[in-house]
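This report describes the fold, the strand pairing and the aromatic pairs of one protein.

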Amino acid sequence: MEVEDSREALPATAARRKWMSLLASARPARLNALFPRDEFPQFVYLRKPETGLVMVRGRQGGTGSPFNIGETTMTRCTIRLADGTVGHAFVMGRSHEHAVTAAVCDAVLQGPQGSDLAEKLVAPLAEERSERERQRALQNAATKVDFFTMVRGDDD
């Protein structure tokens, strides 16, 4: 039996990873505008929203040895839909509503209505994120300084 490399995830796993990232980083008000609570399917809590701390790690230069930056607040939630689909959410901050909404979206996106919700929710969130990243790249590029060596024309 071959063991799958975790970096080579199945397409469904990669898609889920993408939408969970988008849901976690979305602004709660934007998420509620795209998928209002009155459209939520029936669900039960497997784990009600809980707020706690997680350690944030980083790498110097993005590639160096990992080190602990510090702790941040995180809220998690797990729900189960009536059809048995389980949805999870981990969001930064203390917003219980954001965690519940993200968990419900995760569960619905895994089911038969997932493609409809993906068009309605995931596609706009992905476009908004790419636009924010593009704007940030433009701002960063405007402050870039190119250092170079000039020959001063001094005679030997």
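Among contacts in the protein between residues at least 6 apart in sequence, what percentage join residues at least 24 apart? The share is 53%, where contact means heavy atoms within 4.5 Å.

## Basis

This is a predicted model, in which local features need pLDDT of at least 70, side-chain atom pairs count only at pLDDT 80 or more, and totals for chains, interfaces and linings use all residues. Residues are numbered from 1 along each chain as its sequence is written, and side-chain values use heavy atoms, with hydrogens and water left out.

## Fold

The order of elements along the sequence is α-α-β-β-β-α-α, with four helices and three strands. These are DSSP runs numbered from the N terminus (helices: H or I, at least four residues; strands: E, at least two).

Of the 156 residues, 26% count as buried (under 20% relative accessible area; exposed is over 50%, partly exposed in between; 1.4 Å probe, protein chains only).

## Strands β2 and β3

Strand β2 (residues 66-81) pairs with β3 in the antiparallel sense over seven bridges; pairing requires at least two DSSP bridges between the strands. Cysteine 77 has alanine 89 in β3 as its bridge partner. Four residues lie between the strands of this hairpin, where glycine 84 takes a positive phi near 95 degrees.

In a regular strand the side chains alternate between the two faces of the sheet.

## Aromatic pairs

Rings of Phe, Tyr and Trp (its six-membered ring) pair if their centres lie within 6.5 Å; planes under 30 degrees apart count as stacked, over 60 as edge-to-face and the rest as tilted. The count comes to two aromatic pairs. Phenylalanine 35 and phenylalanine 40 form a tilted pair, 5.1 Å centre to centre with 35 degrees between the planes, and both are buried.
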